[in-house]
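Dear colleague,

I am handing over the structure below, and my notes on what was found in it follow directly after.

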Amino acid sequence: GDTYVKLGKYKKAAAIYISLKKIAPKSYMINQRIDWLPVKYRGEGVFKRSLRSISNYLFSYTIFSPIAYFFRDNLNFEYYYGGSQLEIGFLKFLSLGATWYRGIISNRYDKVYFTTFKGNVFITPVNNLVISLGYGKMFARGVFSQPVIDASINYSIKDKFKMNIQYLKTDGSVLLYSPFLVNNRLTANMVKFEGKYNFSSGLNLYTYYNLVWTIKSNLVNNNIGNTWRMKIGKRFYPFLNIGYEYEYIDFKYNIALYYSPQNFSSHNLWADWLILKNRRWNFVMGGKLGYVPSNDYIIRQLNVELSYKIFSRLKLLATGFIGNSIRNSVAYSSGSVYLNLFWTLY
């Protein structure tokens with residue numbers, strides 16, 4: 001039987017092991033060898049095989065992730081939240097989870113405390129493909145209650161190709177980042193697409209597109225707008241990427257409640273510099289310098305990405321940016337920090 005296993009003839013090996021089990025049903029060595037065989041050769045029924053498959057993957061992993069986010073701009077809009085995410089392996093292709101956090105949205109005069117809670121489902125039908133769905137509620141007691149929907153399809157090949165399609169429905173204040181929506185309720189929807197491809201020559205292409213539409217309220221009419229961003233770059237050294245970016249934003253209506261420009265475009269030079277990379281650290285600093293023809297304005301932005309493996313099951317991820325642009329012919333500056341701690345419990 002062992003010889004047949006080494007030759008890959010599992011059916012013949014199984015026949016020998018099963019016949020021996022009839023003679024010695026309690027033999028540890030025989031039962032162990034049967035367990036080592038691929039599932040379909042163990043002589044088990046479909047139902048028993050299904051139960052065994054479930055037991056092998058049930059609670060196969062658990063990831064707990066504390067999160068924190070901070071955003072502020074020169075329009076006195078502030079958006080902060082902190083909380084945690086939980087993801088648990090349930091089946092080979094299915095994981096379940098939940099997200100909870102408390103946050104604040106505020107402007108110069110008003111401040112609203114809110115809570116968001118949603119359940120998440122992650123499906124992996126094939127390798128490298130993840131389909132996720134999240135549903136829950138964002139609410140501030142006595143102020144508003146807004147359903148939250150988050151659905152995405154993500155496909156990636158490490159260091160080569162990445163694609164993401166996402167749909168998001170939530171309160172307009174946390175999607176449109178406007179100080180005028182702190183105490184004015186507006187439901188916003190967004191569909192976005194991101195794609196990136198790295199060629200072996202060092203050339204890399206990136207594209208981003210989103211379509212945003214807002215639901216009619218007592219203050220504004222329906223509106224729809226889109227943003228398109230295209231980047232092309234070249235890796236000149238193992239640690240340096242340099243390239244060109246074009247961005248275009250256009251809304252049907254220019255509405256005072258949130259930034260909704262018409263025919264806005266910019267041309268930018270960008271660079272990413274890999275400062276440190278080893279078994280524990282990964283530190284990337286980047287930035288861009290751009291030009292807005294319609295306003296004769298220079299755009300400046302600096303961003304960082306940092307990851308640190310504290311130990312094998314605990315990893316810290318931090319991203320942030322600070323930059324200057326122009327909105328409605330007025331200089332605009334903003335900055336943010338995002339922190340995420342990945343803790344694989346088992």
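**A pocket and a helix pair**

In this predicted model, the second largest pocket is lined by 18 residues, and those that lie nearest its centre are Leu 75, Pro 179, Phe 180, Ala 256 and Asn 328. The space in this second largest pocket comes to about 310 Å³. By class, its lining residues divide into 13 nonpolar, 4 polar and 1 charged, and strand 16, which covers residues 330–344, gives the most to the lining, with 3 residues.

The other finding concerns two helices. Helix 2 (residues 10–23) packs with helix 3 (residues 28–36) at an angle of about 150°, and their axes are 10 Å apart. As angles over 145 degrees count as roughly antiparallel, helix 2 and helix 3 are therefore roughly antiparallel to each other. The crossing in which helix 2 passes helix 3 is left-handed. On the side of helix 2, the residues that meet helix 3 are Tyr 17, Leu 20 and Lys 21, while helix 3 brings Ile 30, Asn 31, Arg 33 and Ile 34 to the contact. Sorted by class, this contact of helix 2 with helix 3 has 4 nonpolar, 1 polar and 2 charged residues.

With best regards

Key
Residues are numbered from 1 along each chain as its sequence is written. This is a predicted model: local features need pLDDT of at least 70, side-chain atom pairs count only at pLDDT 80 or more; totals for chains, interfaces and linings use all residues. Side-chain values use heavy atoms; hydrogens and water are left out. Axes are lines fitted to C-alpha atoms, for helices over the stretch in contact, and angles run from 0 to 180 degrees between N-to-C directions. Helices (H or I, at least four residues) and strands (E, at least two) are DSSP runs, numbered from the N terminus. Angles under 35 degrees count as roughly parallel, over 145 as roughly antiparallel, 65 to 115 as roughly perpendicular and the rest as oblique. A crossing is left-handed if the near helix is turned anticlockwise from the far one by less than a right angle, and right-handed if clockwise. Contact means heavy atoms within 4.5 Å. Ala, Val, Leu, Ile, Met, Phe, Trp, Tyr, Cys and Pro count as nonpolar, Asp, Glu, Lys and Arg as charged, and the others, Gly among them, as polar. On a 1 Å grid over the protein atoms alone, a cavity is a set of points where a 1.4 Å probe fits but cannot get out, and a pocket is an open set with protein on both sides within 12 Å along at least five of seven lines; lining residues have an atom within 4 Å of a point. Grid points are joined across faces, edges and corners, and a volume is the space filled by probe spheres set on the points.
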